[in-house]
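Open the model in your viewer and keep the sequence panel beside it. Each stop below says what to select and what is there.

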Amino acid sequence: MHNQEEEKIFLDKIDKEIKIEPKDWMPEQYRKTLIRQISQHAHSEIVGMLPEANWITRAPSLRRKATLIAKVQDEAGHGLYLYSAAETMNISRDEMIEQLHSGKAKYSSIFNYPTLSWADMGAIGWLVDGAAIMNQVPLCRCSYGPYARAMIRICKEESFHQRQGFEILLTLSKGSEAQKQMAQDSINRWWWPSIMMFGPNDDASPHSKQSMAWKIKRFSNDELRQKFIDVCAEQVKILGLTLPDEKLKWNEERKHYDFGEINWEEFWNVVNGNGPCNKERLAARVKAHEDGAWVREAAAAHAKKNPRPLKGRLATV
């Protein structure tokens, strides 16, 4: 039985916006909630490399190739920051990766959709990364210190990804009729999966209420989704394109956009492993992990032979 005094200190810190650090006492459920959320976030960054890496060799110019490589590399880095943050809660990276490969741990449902055209690199940057930023900026104020600090750098890099995506769509929208149509088709396919990224409606979200009480989350799923829709409904006008929702309309009374019904059956179907690319994505991650076993073994053998501490900048990573 935990000490009531420790719980009081913990709740006091939450109330006063003092970060909870790895060595501080915390409720077991707080720890489990963070492990679930941070590891799911890390898995999403790593799996999220796959649909975009698919287009690196087919990017239409050297500049586009270089920026897409840089973006995919950023995502790998984000996954590593987040695995490191989760490891501060007494779970090993091996255990988290095993949970992903076995299907026990989830990752964002959005990455189970295929990338069918170059314009999808634009739609993913604008919509998918845009939704991620909307979700993640409040996490910079998360009550758990290591997660909050990791998110500051991640959000800065994600903002570049979003701008890169919007610029791809803007270029296509000013091109030939075929290019404009390709951009519109991409938005049509990615819009609804993007607004599903905020998770189920608040009344169907089992973790939201407690996460907000502990200041892990700052806004509810529905609040963030509405904010995202309001922003995109205005930005799409700059592209001269449309969002695929006949019910999308400004509501003067609410000062927000009204929008159509989300297909929650599709959302849960994808979350539960039955999306267009679920099996393909997981198989690719498992294969990469197995193919990289020799690298991990070599690194471990080298570290055992040379147990000297790292010097300089590397020591602080």
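Buried means under 20% relative accessible area, exposed means over 50%, and partly exposed lies in between (1.4 Å probe, protein chains only). This is a predicted model: local features need pLDDT of at least 70, side-chain atom pairs count only at pLDDT 80 or more, and totals for chains, interfaces and linings use all residues. Residues are numbered from 1 along each chain as its sequence is written, and side-chain values use heavy atoms, with hydrogens and water left out.

**Whole chain**

Start with a cartoon view. You will find 13 helices and two strands. Helices (H or I, at least four residues) and strands (E, at least two) are DSSP runs, numbered from the N terminus. The radius of gyration is 21 Å, close to the 20 Å that the globule rule gives for 317 residues, so the chain is as compact as a globular protein of that length. That radius is taken over C-alpha atoms, and the rule is 2.2 Å times the number of residues to the power 0.38. Along the principal axes, the C-alpha atoms fill a box of roughly 60 × 50 × 35 Å.

Now switch to a surface. The chain exposes about 17,100 Å², and carbon and sulfur atoms supply 56% of that area. Accessible areas come from the Shrake-Rupley method with a 1.4 Å probe; for residues, only the protein chains shown count as cover. Of the 317 residues, 46% are buried. Contact means heavy atoms within 4.5 Å. Among contacts between residues at least 6 apart in sequence, 76% join residues at least 24 apart.

**Helix α5**

Select residues 93-102, which form α5. Which residues of α5 are buried? They are Met96, Ile97, Gln99, Leu100 and His101. An α-helix has 3.6 residues a turn, so residues three or four places apart point the same way. Show α2 (28-47), α4 (62-87) and α12 (278-291) next: they are among what covers the buried residues of α5.

Centre on glutamine 99. Its relative accessibility is 15%, so glutamine 99 counts as buried. Beyond its neighbours within four places in sequence, glutamine 99 contacts Ile91, Lys104 and Ala105.

Step just past the end of α5. There, glycine 103 takes a positive phi of about 90°.

**A stop on α4**

Pick alanine 66, in helix α4. Is alanine 66 buried or partly exposed? At 45% relative accessibility, alanine 66 counts as partly exposed.

**The loop between α9 and α10**

Move to the loop between α9 (208-213) and α10 (221-239), and select lysine 215. Lysine 215 has a positive phi of about 60°, although it is not a glycine. Lysine 215 is buried, with a relative accessible area of 18%.

Lysine 217 also sits in the loop between α9 and α10. At 17% relative accessibility, lysine 217 counts as buried. What does lysine 217 touch, not counting residues up to four places away in sequence? Its partners are Ser208, Ser211 and Met212. Lysine 217 and glutamine 162 are 55 residues apart in sequence and 22 Å apart, C-alpha to C-alpha.

**The loop between β1 and β2**

Select lysine 255, in the loop between β1 (249-251) and β2 (256-258). Phi of lysine 255 is near 65°, a positive value in a residue other than glycine. Lysine 255 has 46% relative accessibility and counts as partly exposed.

**Cysteines**

Finish with the cysteines. How many disulfides does a search of the whole structure find? It finds zero; a disulfide is a pair of cysteine sulfur atoms within 2.5 Å. Show cysteine 142 and cysteine 140 together. The sulfur of cysteine 142 has its closest cysteine sulfur in cysteine 140, 9.7 Å away, too far for a bond. Cysteine 142 has 0% relative accessibility and counts as buried. Last, select cysteine 277: at 5% relative accessibility, cysteine 277 counts as buried.
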